[in-house]
Amino acid sequence: MKTFDLNLARVFVLLYETGSVTATAETLHVTQPTVSYSLGKLRRHFDDELFRRTGRGLSPTAGARRLYEPLRRALAEIDGTVRQADTFEPEVMAGCFTVALSDLGEATLLPRLLAAARERAPGVSFTVRALDVDDAEQQLRRGDLDAFVATPVLTSHRTVRIPLFHERYVGMVAADHPRIRGDAVTLADLATEHHATVFGPSGHVVPRAVLAAHDLLDRVAVDATRFSMLPYLLEQTDLIAIVPEYVGEVFTASHRVRLVRLPFETEPTEVALYARHESSRTPAQRWLVRFMAEVLGERVSPAQLPPHTVAADRPAPPAPPAEEPGE
């Protein structure tokens, strides 16, 4: 019976999750030739090519897909046993993390994140990149990002999706809008008024989808790329925009705009945190994911988070209704 080096299992799992020899080498702090040599040993041991090179990185074979889950579980159990000696202590250690957020995330989530970090992890700093939903998973795989927050549901075996909270949509108009006076708008109002919409790399598609569903896209007067420009635009015009409610509340605190109820229900949008799999993260990245999920996750149950997310001296966030975790 052939012996099997557990270090090879770790190389295999990381190659599967990152799809990259470079990212695997960086995570393991070894050279790329070392990873390539280990891949060769894995191929000989399992008598399978395991990974094929494509334009988007390494793609697993059917044999690799069968091996991944058993090897991942075995490594997770081993890592859980020895992790006490493999930790990141934010109270005394420094770290710089790169995260991607939409402009809405920068306006609403980033202040909460930084306020909590200044209190709990004074040596931690952040580099914030503009979210591009089409490339974010690849940036995560390459190691260009440590985590990102997005609304679209992105499905990849190389990333973990942790639901944070749900967001519903409302209308937003100038505080002194000449025609919309009350706290709600009718469908006739929406058909009469002109609209400002946002379409860009952040992935917020609900506002335009709502207008399209009611044949109102011809009422769009301006289609921009960033939600953050909307309050400046609306307080100077008679346009109306459909925005996430929490974001709208932030805008009303600093701009001459107000929120109005829509004449129909919109499907709540789930905002989620994306990261590499637990076994593919450094100790610092494990802390980051737990920290972001705890600070931003208003409706996340402890069962959906990585281990030790909720500190012993802080209450756990309220559990959502029973549902399957979004990972």
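Which residues does phenylalanine 291 touch, not counting residues up to four places away in sequence? In this predicted model, where contact means heavy atoms within 4.5 Å, phenylalanine 291 touches Leu113, Ala116, Ala117, Arg120 and Phe126. The model is a prediction, in which local features need pLDDT of at least 70 and side-chain atom pairs count only at pLDDT 80 or more, whereas totals for chains, interfaces and linings use all residues. Residues are numbered from 1 along each chain as its sequence is written, and side-chain values use heavy atoms, with hydrogens and water left out.

The protein contains 11 helices and 12 strands, taken as DSSP runs numbered from the N terminus (H or I over at least four residues for helices, E over at least two for strands). Of its 327 residues, 50% count as buried; buried means under 20% relative accessible area, exposed means over 50%, and partly exposed lies in between, with a 1.4 Å probe and protein chains only. Among the contacts with a separation of 6 or more, 72% come from residues 24 or more positions apart.

Phenylalanine 291 also belongs to the largest nonpolar core, which has 30 residues and in which Phe126, Val149, Leu273, Phe291 and Met292 touch the most other members. A nonpolar core is here a set of buried Ala, Val, Leu, Ile, Met, Phe, Trp, Tyr and Cys residues joined through side-chain atoms within 4.5 Å. At least two residues of this core are supplied by each of strand 3 (95-101), helix 5, strand 4 (124-130), strand 5 (147-150), strand 6 (160-167), strand 12 (269-275) and helix 11 (283-296). Helix 11 gives the most, with 9 residues. Another core, of 19 residues, lies apart from it and includes Val11, Val13, Leu15 and Leu75.

Two helix pairs were then examined. Two packed helices are described by the angle between their axes and the distance between the axes. The axes are lines fitted to C-alpha atoms, for helices over the stretch in contact, and the angles run from 0 to 180 degrees between N-to-C directions. For helix 1 (residues 6-18) and helix 3 (residues 32-46), the axes come within 10 Å and cross at roughly 105°, which makes helix 1 roughly perpendicular to helix 3. Angles of 65 to 115 degrees count as roughly perpendicular, those under 35 as roughly parallel, those over 145 as roughly antiparallel, and the rest as oblique. On the side of helix 1, Leu8, Val11, Phe12 and Leu15 meet Val35, Ser38, Leu39, Lys41 and Leu42 of helix 3. The residues of this contact divide into 7 nonpolar, 1 polar and 1 charged, where Ala, Val, Leu, Ile, Met, Phe, Trp, Tyr, Cys and Pro count as nonpolar, Asp, Glu, Lys and Arg as charged, and the others, Gly among them, as polar.

In the second pair, the axes of helix 5 (residues 103-120) and helix 10 (residues 245-254) come within 10 Å and cross at roughly 80°, and these two helices are therefore roughly perpendicular to each other. Here Leu104, Ala107, Thr108 and Arg112 of helix 5 meet Tyr246, Val247, Val250 and Phe251 of helix 10, a contact whose residues divide into 6 nonpolar, 1 polar and 1 charged. Threonine 108 is buried, with a relative accessible area of 6%, and a polar atom of its side chain lies 2.7 Å from the backbone oxygen of leucine 104. Such a polar contact is a pair of N or O atoms within 3.5 Å; within protein, one must be able to donate a hydrogen and the other to accept it, and residues adjacent in sequence count only if both atoms are side-chain atoms.

Helix 2 (residues 21-28) has Val21, Ala23, Thr24, Ala25 and Thr27 as its buried residues, and what covers them includes helix 1, helix 3, strand 1 (51-54), strand 2 (57-60) and helix 6 (136-142). At the N-terminal end, serine 20 caps helix 2, with a side-chain oxygen 3.2 Å from the backbone nitrogen of threonine 22, while histidine 29, which follows helix 2, has a positive phi near 60°.

Most residues other than glycine have a negative phi. In the loop between helix 3 and strand 1 lies aspartate 47, with a positive phi of about 50°; at 73% relative accessibility, aspartate 47 counts as exposed. Leucine 50 lies in the loop between helix 3 and strand 1 and has a positive phi of about 70°, but at 0% relative accessibility leucine 50 counts as buried.
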